[in-house]
Amino acid sequence: MISVEALSCGYEETILNDLSITTANNLVILGANGAGKSTFAKALCALLPYSGKITLHDHSLQELSAQERARTITYIPPKLESYDTFITVLDFVLMGRHPYKSPFEAYSEKDETLARSLIDEHALEPHNKIGELSSGQQQLLLITQALAQESKIIIFDEPTANLDPHHKVAFYKALQSLDDATQKVVITHDLGLAYKLGYEVLFVQDGTAEHYVDHNTFFTKTNLKRSYGVDFSIEDGIVGVVYG
Amino acid sequence: MAKQLFIFILLALTLLSPFIGAVDMQWQSLFETGSLEQAIFFDLRLPRLLLAFFAGVILALSGWLFQTLFRNALMTPFTLGISGGAILGTGIAVVLGLNLVLFGVNLSALFGFAGAFGSVLLILWLSRYVSHRGSNALLLLGIALSFFFSAALMVLFSVATAMQSHAILHYTMGSLSTLGYAQVLAAAVMALLLLLVLLRRRFELSLLAVNDEHARLKGVDTKRVTYYLLLISSLAIGVLISITGPIGFVGLIIPHVVRKLYPRANHELIIPTALIGGLFLAACDTLSRLPQLQSEIPIGIVTAFIGGPFFIYLIIKGR
């Protein structure tokens, strides 16, 4: 459950201005480059200063402790950036369990069993070092860690941008296999994926956003043309850009 | 193999340390009560060895911590201008003629500590304005601060007497000579405090070693943890600098050397970094006092002279 009222935020200049949305359903966030999609996602995770009101599962974001926040919402960045590249896959996935223990305590055996089964499920090797993985595997690793975290809301920021078709399909399946209680938010430029997912649509533009509860009202040729300024074709459930 | 050899050399030089120096030391005379050798061994050389070891622990661990917290391979308390602040503080005390000892604490040492601690607070305050620009901006601030401190020191020199100038210069070179066990105890307490705090916080540090945003998304209050750890390490560094003066290079290179020797995750390297840092400084101290030398070489020069080429070798060789 995400509820946002009159959200304004940005870095040196304002990027989002007076944005509101309330939904308990899965969501795709669309919009041009620099429209403020990631800014919105980071505000939801309290990674940015903001004004306005953000409520997640009936709790004001500002009233949640750092650990409660991590149990409520998490964000998967477009790619893994780590200063320490020697961390093993197992240790990295285990970090997803940090919000569930005292900060000074070691990870429990239960945590390790969960992490190992998730690693196995996503065809990763627990003892590989994260710096040695391909970019596709690193993306999968970030998703695996977020699944271990079991937050009520998971935001995926351009999850397929670095993936080859094989890994894209793997990602799609991983997303589908997530249990329904988890609210999924997907930021993407991949309109084919967005259409196929069938989630509610939030289209971010000019600092604010339009919310389409039924994705079919967004994915029409005229609306896509109006939103992106280029022509699209929609055939057999596949959305594609018309070049030239 | 190279790893075992390196550690063997460090250990051998460390164990040799109390037997090396201007006075030849025989095993047997150690057990003659009241002998000169016994006094030199227990009152001069043993405390010196221990001070060198604990100083190495503090320097290496602080370097490791600063590199981890700022995720920058060049970050150490010294590159952030903290040693510059300590030297300036001591310089001011010397020029003001505050060569007093109050409650067993030398006032100029207290000024050195204040200088070190004050520059940490200054860096922390300044970092609030540049932290969003990444750690390189902070590094540049540290470099600017260092230049400012050394310019201020030059101004001090121009008003100092020849004797005062000599005293300041001597301090800037760093020294492990000690007058007894009180200072060793202070360094040991600080080294142990730093080690225990880092070990206790190793899970949060492992999350921070990925990046700040990552740690926050996993439920770490990164601002609070960062400030807390910087304050503890600055306390340790401030106390140390007030005892030994600034000793460069150990904090910068030891964490990297350890990472090359043991290619593991950062948070598993806390104890190896502490041990190798301590042994490295103790070994360098042995080399600075080889009997063939006409006079002792300042410790900071030995660390750079030995550590520099070895570090270059490690970088070129890669993993």
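Predicted model: local features only at pLDDT ≥ 70, side-chain atom pairs only at ≥ 80, totals over all residues.
Which residues in α11(B) meet which residues in α12(B)?

Start with the overall build of that chain. Along the principal axes, the C-alpha atoms of chain B fill a box of roughly 65 × 55 × 35 Å.

Now find two of those helices. Helix α11 of chain B covers residues 250-261, and helix α12 of chain B covers residues 270-288. They pack at an angle of about 125°, with their axes 9 Å apart.

From α11(B) come B:Val250, B:Ile254, B:Pro255, B:Val257 and B:Val258. They meet B:Pro272, B:Thr273, B:Ile276, B:Gly277, B:Phe280 and B:Leu281 in α12(B). By class, the residues of this contact divide into 9 nonpolar, 2 polar and no charged.

Helix α11(B) has another partner. It packs with helix α13 of chain B, residues 299-317, at an angle of about 35°, and the axes are 10 Å apart. This crossing is left-handed. B:Val250, B:Ile253, B:His256, B:Val257 and B:Lys260 in α11(B) meet B:Thr303, B:Gly307, B:Phe311 and B:Leu314 in α13(B). The residues here divide into 5 nonpolar, 3 polar and 1 charged. Look for B:Val250 and B:Val257 in both contacts. An α-helix has 3.6 residues a turn, so residues three or four places apart point the same way.

Next, turn to where the chains touch. The contact takes 22 residues from chain A and 20 residues from chain B. In chain A, α2 (66-72) and β6 (73-76) each supply at least two residues of the side that touches chain B. The largest share of that side, 4 residues, comes from α2(A). By class, the side of chain A that touches chain B has 12 nonpolar, 6 polar and 4 charged residues.

End with one more helix of chain A. Helix α4(A) runs over residues 109-121 and has 13 residues. From its first C-alpha to its last it reaches 18 Å, close to the 18 Å expected at 1.5 Å a residue. Just after α4(A), A:Ala123 takes a positive phi of about 55°.

Terms used: Residues numbered from 1 in each chain as written. Chains lettered and ligands numbered in written order. Expected span 1.5 Å × (residues − 1). Contact = placed C-beta atoms within 7 Å. Nonpolar A, V, L, I, M, F, W, Y, C, P; charged D, E, K, R; others polar. Axes fitted to C-alpha atoms, helices over the stretch in contact; angles between N-to-C directions. Left-handed = near helix turned anticlockwise from the far one by under 90°.
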